[in-house]
Amino acid sequence: MASQSESELVLPANRVRFVFSARSDVGRERKVNEDSFLAQAPVFLVADGMGGHAQGDVASQTVVRVFEEHIACDAPSTPERVLDAIHSSNDAVRDLSAVDDYGTAVSGTTLSGIAFVDAGDDVGFHWMAFNVGDSRVYTWDGHTLAQLSVDHSAVQEMVDAGLISRDEAEQHPERNVITRAIGTDESVDADVWLLPASGRHAFLICSDGLTKELGAAEIARILASYAGDSLPSRSRADVLVDAALARGGHDNVTVVYVESELGKPGQDDTADTNEAASHR
């Protein structure tokens, strides 16, 4: 499942242009794709249904549906609406489980994404990143890939405690154990960040099906070497998913790549017009 698109929001004193791509693949070993994505301005997200749990695919699809219901298309959202969508997603996924369900019978999913928001007159337009679980949000400046989100996982807690290194965490047998998820508890505690939206930004959002196969340095090399002009039919999402599949594709793999530029109406764009996607 893949798609490409671009869109533009006209704001009172300026405009923001988005070019984005997204793709989700079941992988080489799984029979069901439990990943879902939403790539439609102003919100871009990835949800990875918990493997081995009940209705993981339905849980991730439920998150996408709730965000579509809560966030209006083609207009800046607000931090309050995004938070409401996160909490409503938690309620909706919890409704998939029976009252006496426990363990793997409980439906759950990760959630990572970004939203273009109007944070108020004194704050202005920002990118709002949010995360629950171990799907990830990265920033990309053309040279450096930096993980913005922090994994909610057992191995991340070990890294934070100084028990293992980050490299050891990538190979640790408990790297799939997450400590927070949408739908597993009565309330959800999401990490959020606000980044000023001025100028150009690029984000990579992905499920762990990508990061299990490719390290950050490899992902950065692929992004840096992407030849959009010579391969207009292959987006960055396509290239990254194909690389993960070539490495083994042991899990579902989903990638959403977003570029934005905030400028004055009529200002020339320099963003890569070959990049884009809108689908779930």
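Start at Ala-224. It is exposed, because its relative accessible area is 53% and the cut-off for exposed is over 50%. Ala-224 sits in helix α6, residues 216-225. Now look across to Trp-140. Ala-224 and Trp-140 are 84 residues apart in sequence, yet their C-alpha atoms are 9.6 Å apart in space.

One caution before I go on. This is a predicted model.

Next, the salt bridges. How many are there by the rule used here? The count comes to 16.

Is Arg-23 buried or exposed? Arg-23 is buried, at 13% relative accessible area. The cut-off matters here: buried means under 20%.

Now go through its partners. First up is Asp-25. The side chains of Arg-23 and Asp-25 form a salt bridge, 3.7 Å from N to O. Both Asp-25 and Arg-23 are buried.

Then Asp-238. The salt bridge between Arg-23 and Asp-238 runs 3.5 Å, N to O. Arg-23 is in strand β2, residues 15-25, and Asp-238 is in helix α7, residues 236-246, so this pair ties together parts that are 215 residues apart in sequence. Asp-238 counts as buried because its relative accessible area is 14%.

Then Asp-242. Here the closest N and O atoms of the salt bridge with Arg-23 are 2.7 Å apart. Again the pair links distant parts of the chain, with Asp-242 in helix α7 and Arg-23 in strand β2, 219 residues apart. Asp-242 is partly exposed, with a relative accessible area of 27%.

Why would such side chains pair at all? Opposite charges on side chains can pair when the charged atoms come close.

Which residues form the negative patch? They are Asp-91, Asp-95, Asp-185 and Glu-186. Look at Asp-95 in particular. Asp-95 is in the loop between α2, residues 79-94, and β5, residues 111-118. Asp-95 counts as exposed because its relative accessibility is 66%.

Follow the chain into β5. Gly-113 is in that strand. Gly-113 is buried, with a relative accessible area of 0%. Now find Ser-149. The two residues are 36 apart in sequence, and the C-alpha of Gly-113 is 9.3 Å from that of Ser-149.

Stay on Ser-149. It lies in the loop between β8, residues 145-147, and α3, residues 154-160. What does its side chain reach? The side chain of Ser-149 reaches the backbone nitrogen of Val-137, at 3.0 Å.

Back to the end of β5. Ala-119 lies in the loop between β5 and β6, where β6 is residues 125-132. Ala-119 is partly exposed, at 25% relative accessibility. Ala-119 and Ser-77 are 42 residues apart in sequence, with their C-alpha atoms 8.6 Å apart.

One more loop position. Asn-176 is in the loop between α4, residues 166-171, and β9, residues 191-196. Its relative accessible area is 44%, so Asn-176 is partly exposed.

Last topic: backbone geometry. First, the background. Most residues other than glycine have a negative phi, and most peptide bonds are trans.

Now two places to check on your screens. Where is the cis peptide bond? It runs from Ala-41 to Pro-42, with omega near 20°. Pro-42 is in the loop between β3, residues 35-40, and β4, residues 43-48.

The other place is Asp-74. Its phi is near 55°, a positive value in a residue other than glycine. Asp-74 is in the loop between α1, residues 56-70, and α2.

Key
Residues are numbered from 1 along each chain as its sequence is written. This is a predicted model: local features need pLDDT of at least 70, side-chain atom pairs count only at pLDDT 80 or more; totals for chains, interfaces and linings use all residues. Side-chain values use heavy atoms; hydrogens and water are left out. Patches are made of residues with over 30% relative accessible area and no salt bridge: like charges are joined within 9 Å, nonpolar side chains (Val, Leu, Ile, Met, Phe, Trp, Tyr) within 5 Å. Accessible areas come from the Shrake-Rupley method with a 1.4 Å probe; for residues, only the protein chains shown count as cover. A salt bridge is a side-chain nitrogen of Lys or Arg within 4 Å of a carboxyl oxygen of Asp or Glu. Lys and Arg count as positive and Asp and Glu as negative; His and the chain ends are not counted. The place of a charge is taken as NZ of Lys, CZ of Arg, CG of Asp or CD of Glu. Helices (H or I, at least four residues) and strands (E, at least two) are DSSP runs, numbered from the N terminus. Buried means under 20% relative accessible area, exposed over 50%, partly exposed in between (1.4 Å probe, protein chains only). A polar contact is a pair of N or O atoms within 3.5 Å; within protein, one must be able to donate a hydrogen and the other to accept it, and residues adjacent in sequence count only if both atoms are side-chain atoms.
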